[in-house]
Amino acid sequence: MSAINKPRTMIVNGRPVPIEGEKTLLDLIRKAGFDVPTLCHHSQLSTFGACRMCIVEDKKGGIIASCSTPPKAGMEIKTNTPRIREYRKMILELMLADHNRDCITCEKRRDCELLNQAQRFGVDTVRFETYSMDGTKDMSSPAIIRHPDKCILCGDCIRVCDEIQNVGAMDFVNRGSNMEVMPAFDMPIAETNCVNCGQCSAVCPTAAITIRSNLPELWEMLNDDNIIVQAQIAPAVRVALGDDFNFPYGTNVMGKIVAALRKLGFDEVYDTATSADLTVIEEAAEFVERLNSGEKLPLFTSCCPAWVKYAENKHPELMDNISSCKSPMEMFGSVLKEKAKKDAAGKKNNKIVKNIAIMPCTAKKYEIQREDLKMNGEQVVDLSITTHELATLIIESGLNFKDLQPEAVDMPFGIASGAGVIFGVTGGVTEAVIRNVVNPENRSELDEIAFTGVRGLEGVKEVKLPFGEERVLSIAIVNGLRNAENLIKAIQSGEAYYDFVEVMACQGGCIAGAGQPFVIGRARPERSEGMYNADKMSNVRTSQANPVTEALYNDLLSGDNAHRLLHYK
Amino acid sequence: MKITDRKHLDQYRKEFLAHIDTQKKKVYVCGGTGCVAGGSMEIYDELKKLIEENGLNCDISLDSDACEGSIGLKKSGCHGFCEMGPVLRIEPSKLFYLKVKKEDCQEIVEKSIVDDDIVERLIYSRDGIQYPEQEEIPFYKHQTRLVLEDCGQIDAQSIKEYIAYGGYTSLEKSMFDMTKDEVINVITDSNLRGRGGAGFPAGRKWSQVKAQKSPVKYVVCNGDEGDPGAFMDRSIMEGDPHKMLEGMMIAGYASGATEGYIYVRAEYPLAVERLTNAINQARDIGLLGENILGSGFDFDIHIVKGAGAFVCGEGSALTTSIEGNRGMPRVKPPRTVEHGLYGKPTLLNNVETFANVPIIIDKGADWYKTIGPERSPGTKAFALTGNIVNTGLIEVPMGTTLRQVIYDIGGGIRGGKKFKAVQIGGPSGGCLTEEHLELPLDFDSLKKVGAMIGSGGLVVMDEDTCMVEVARFFMNFTQNESCGKCVPCREGTRRMLDILEKIVAGNGELSDLETLEQLADTVTATALCGLGKTAANPVKSTIKYFRDEYIEHIVEKKCRTGNCQALKTIYIDKGLCKGCSLCSRVCPVNAISGKVKEPFEIDPATCIKCGACIEKCKFNAIKEG
C-alpha cells in the first residue's frame, strides 16, 4: 500500500540513486555525478546505440548499453569495473585503428570527442593495421568539408540531417567494415539537397565533417593596406564567443569583440542588429500589405538561408509566400557597398571595400555567393566567418581577449534596437515584427508582446495577437526544418491557418547555429537569456525608433533604393 | 469459387479426398531446388508424356475431372536426400527411386506405374542391402518427420491436396471452437520454442502481442534463412507452403493481427513462386481475405523479398527492411512485440515455428510434449552437410544425440575417416567435438556447452579439417555480413579475420592469440544485436577445443591437416629421387633444380606449392609436410 509513495531507487557504483523520471540509465548515471562516455548519443536525436562506449555492468555481470536501457527500481550497476574499462579501451582502439590519426594537425584537435576519450581511457597503443585511408575530402560545399578518413560511423550527422532537418543529404552505404557515410551516389555534397545548416558538423564527434574556414583570405585582407575591411557582427555571436574564452555561458561580450576587431585591423565595425532593424521595417510593411490584400499568406520569414534553400528544394510552390526581404546580413552588405560607391564617386585611387560578416551560421557562407543577391555581378558580403572562426582568429593573433576593454561600434550605423538584437533567438524576428506592427508605446506594452508566447526554445510555438479592431493574427514560430515541414503539411492540408510563420533551421535559432562554439545540447537557455538581456538593456526597443534607420530612409534608401537594396531581385 | 463457411469447407475436403482416391497410383517427382537443378522437371514432363502415351489418365493438381484408375502426377516438396537426387516416390507402394535420369522414365512407367514391378538399379542400396521403400532407408528410418511430414508426400502446388489431407482444419478449429486465449494457452502449454535461433517460448511471445492495445498488429514470418548451407525453411516454403500460412493465420487470429508479412530471400525464387501461388490459391477460395469462412476474422498475407543480407534475419533489421529501410538492427527496448513493423506490435516467428502450429493445434499440447524433452519439445529440422556419408535435410526429435544424427542418419564419416567436430548453428554457432557426441540436441543442453541450435545447420568435419581455417571461414562470412552499425561487430570481426588470416598464412605470433581472445570477448559482451554477440562463437569454441592447433600454426608454422596452403612445404625425398628432371621441367616458377641422375632440390622461397611436381613424379619422391 505504500508502494506508490516509496521512492524508486537503484544502485549506481554502490550508492542509491533515486529514479526521477529518467528515461535511460545514462541520464541517471550522469545525474549521479559520473560522466558516461558516448560517441553516438545526443538527447535531441533518436537513440542509435552503435558506439557501445556507454556500457555498464549489472549485478550478474551482464553488459548493458546505458543509452538504451531504462532504469528499473532495485537494479544495481557499476560503471567502472575492470571489464568495462577493458571493453571501452578495446572499442576505442578499434575505432582509432580505422581512423586517420593525424591529431596534431587536425582541425578538431581542440575539441575532438574521440581524442578526449582515448586520452581519458589511456589508449596508448593501436595494435591493428590502419587501412582504407585514401585521403579524399569533399570540398565542394562553401559551408562544410567532409573528410571520410576521420569518420567513426556514429551516424550522428545522418540522424540530425534527417530527424531534425528532414533533409537526408547523407546515409550509410555498404556494410561491415566497408560501411561509409556519403551522399547518394557519392555525389559532392554541394550537388545534393544539403541546405548548408552545418548541424552535421556540430554533432560530429571528430573532424569527419568540419566547417570550411575562410581565415586565410581574411588574414590576407587584414594585411592589405589597399583594402578597407568592414566587419558586421550578427546578434547571436555576442552571447556565444565567450564560450571559447571560458566566460560563463551566455555572457554578452559584444564590446570586447568590437575592441578585438579594431585591434586586429578591421577599419570599420558594425552590428548586424542595425540592419535587422531595416529587415523588421521592410518585412512588417510587406506583412501589413499582404494582410490588407489578403494575398500570399502566410508570410514566411526569409532571414535564415538554410530555410530559404530548403524551401527552394522542397517547396518551390511556397516561394511567393516567402518574404522578398534579404537577410539582415545581406541588407547591411548592400547598404555598405552602396555607401562606399557613393563616397567614392568622383574621387581617384579609392581603396577597395571588403565586407566581412561574423555569423553564428554556416549557411551564410553559401548565402553570400547566391547569384540573386549579387549587385552588379559582385558579392555584397565578401566573406562570412563563423563565431568559432573568430575565436580562432583571436587566438592566432595572440590577443588577450579576456582583458580587452569594451568598445562601441562605429557611426554612422552605431545604433541598433533591442528588436534587432533578438533576431538571434527563435521567436525574435516575430517579436521584432510584432513590435513594429503593433507599435507599443511603453514598457508594459512591450512586456505584453513578450508574454504572448513568442519566447521559449520549443520547436513549434503558436501566437494569437489582436490586430486592428476585430482581427486576430495567427502566428507560428518554428525551428528545425522537420518542424517546418510538418507545419507546411498542416497548412497545405487546411488543418492549420497562419498569417505569419517564422522559420529558423537550427534548434533554438541562430544562438545554436553550427558556427557557434560547442553547439549541441549546451548553453541554449543561457544564450537565449543573454539575447533578451541585451534587448532589455537597449535604450531603443523598436526598429522604427532607431534613428539610424530614419536617416537611412531619408538618404541612401530614399525612393526606389529601399526596394533595390533590401529585397531579392 | 469461394468457401463461405465451415460446412462448405468440409464438403470440399471430402470431395477432394474422393478425387484423390480415384487415383490408382501417385507419382511424386521431387520439386525441391536440388532435384530441380538436377533435372527433375524434365523427368516430370517425360513421365507425363509417357503416362499419356500408355493410355493412362494423368491427373495433375486435382484440377482435371476425377477419373477412376488415373495416375496422379505431382511436383512434391524436398525429400531431403538431395545428394541422391533427382528422386521420385510412387504410392501406394512407397517405392523410392534415386538419381533418376530422363532415360529411366520409360522403364519406370512400364515397370512401376503400368505394372507393379521395381526398377532395381534406381533403388537405394547400402552394404549389399536394397531398400525399395523410402521409409526403410536408414537415412529416413531414424528421423521423425513432423513439420516435414508432407514435404515430399503432397503436391506442393495444390491447395486442394493440402485441404484433402486435413489442411486448414487447425485454422477452423481455432476460429470456431477456441477463443484467442485458448489458442495461446495451447501454444504456451506445448512449450513450443522459436526455431529461429534463440528458442524464445512462442506462447509467451504470442500472449505479449495479444496484450498490446494497438488496433493494428502484424504477424511476420522470418524466411530470411541466411546460414551458409541451411535450407530447412526453404524446403518448408517450397514443399508445404500452406502449413506455414495456416500457422501464420492462427497466430493472426490469436494475437488480433489482420495482416501478415513473409520476409523471404530473393535468392529463393522457387519459394517465392510457391508461396505466391499458395497465397493466391488461399485468397481465391476465401481462406485469406475478409471474414474467413464466415468467422468474422480478416487476414491477408504479403510477401516481401529480402535482398540477401544475413543481418536481416535479426528481428528489428527484418522489420525495418520490410519498411524499405537499410536493414540494421536497432536497440531494444522497445521490443518487436511492442514496437515492430511500422511501429506496431508484431508477432515475429520463423518458418519452422509457424509450421509447427497447425500440428500442435490439431493434436494438442500434451501430445506435442511427448516428443523430445519437456522444456524443449517437438522436432527440429537440420541441414546435414560436410564430411558425412548421407547429407541432406533431416528432422529429428529434440534431444536426439549428436551421435544418432551423425552415425545413424548421416551414416558416419565419409571415407572411414575419424570424426573431428561439428559446427552447429551456422556462423553464429560453435563447434562441438567428440566429447559432445552423446549430447542431446535441444536448446538448453546446447546452451550449457556454449553452442546453439541456431537455425539448424550441421556441418560435420573429419580429421582432415583444419579448425583454424574453419574459424577463418566463418569469420569471413560474419564480417562480410556485419551490417556495420556497432563498433565491436563492424571493426572487431574485421580484426579477428585479419588475425586468423595472418595465422593461417604462417605469420601469426603468440600475442595474436591473446588479442584474438580479447576481441572475441569484447565483441560478445558489447555488440548491439544477437548476430554481433554470437559472431565470435566459432573463434571462441575452436580456441577452446583446439587451442593446440592454433599454437601449432603460430609456433611450429605447421598445419597438421595440410589445409593451410601457406604452411605446407614440398620437399624431395633424396632417397627416392632418381634425378629424372621431370619435376623441374613442369615447375611453373623454376623452383626445382639439380643435376640429372642426382637428387633434385626445391627452393622453398620460390616454390608456390602448386603441387604440379608431385603429380608428375613417377617415383613418389616428392612429398608434402
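## Basis of the description

This is a predicted model, in which local features need pLDDT of at least 70 and side-chain atom pairs count only at pLDDT 80 or more, while totals for chains, interfaces and linings use all residues. Residues are numbered from 1 along each chain as its sequence is written, and chains are lettered from A and ligands numbered from 1 in the order in which they are written.

## Two helix pairs in chain B

Helix α18 of chain B covers residues 467–481 and helix α22 of chain B covers residues 537–556; helices here are DSSP runs (H or I, at least four residues) and strands likewise (E, at least two), numbered from the N terminus. Their axes, which are lines fitted to C-alpha atoms, for helices over the stretch in contact, come within 8 Å and cross at roughly 135 degrees, where angles run from 0 to 180 degrees between N-to-C directions. The crossing is left-handed, a term used if the near helix is turned anticlockwise from the far one by less than a right angle, with right-handed used if clockwise. Among the residues making the contact are B:F474 and B:M475 of α18(B) and B:F546 and B:Y550 of α22(B), where contact requires C-beta atoms, placed from the backbone, to lie within 7 Å. The residues of this contact divide into 10 nonpolar, 2 polar and 1 charged (Ala, Val, Leu, Ile, Met, Phe, Trp, Tyr, Cys and Pro count as nonpolar, Asp, Glu, Lys and Arg as charged, and the others, Gly among them, as polar).

Helix α11 (residues 241–255) and helix α12 (residues 269–284) of chain B pack at an angle of about 60 degrees, with their axes 9 Å apart, which makes α11(B) oblique to α12(B). The crossing of α11(B) and α12(B) is right-handed, and the contact is made by B:P241, B:H242 and B:L245 of α11(B) together with B:R274, B:L275, B:A278, B:I279 and B:A282 of α12(B).

## A sheet in chain B

In chain B, 5 strands form an open sheet of mixed pairing in the order β2-β3-β1-β4-β5, two strands being paired if DSSP finds at least two bridges between them. The edge strands, each of which pairs on one side only, are β2 (58–59) and β5 (95–97) of chain B. Strand β4 (residues 88–91) of chain B pairs with β5(B) in the antiparallel sense over 3 bridges, and B:L88 stands opposite B:Y97 in β5(B). Helix α3 (residues 40–53) of chain B packs on the sheet, where it touches β1 (23–30), β2 and β3 (70–76) of chain B.

## Domains of chain A

Chain A is divided into domain 1 (9–80), domain 2 (127–211) and domain 3 (216–566), with bounds from an automatic or database domain assignment. The C-alpha centres of domain 2 and domain 3 of chain A lie 29 Å apart, and their contact takes 18 residues from domain 2 and 21 residues from domain 3. On the side of domain 2 of chain A that touches domain 3 of chain A, the largest share, 4 residues, comes from α5(A).

How values were computed:
Contact = placed C-beta atoms within 7 Å. Parallel < 35°, antiparallel > 145°, perpendicular 65-115°, else oblique.
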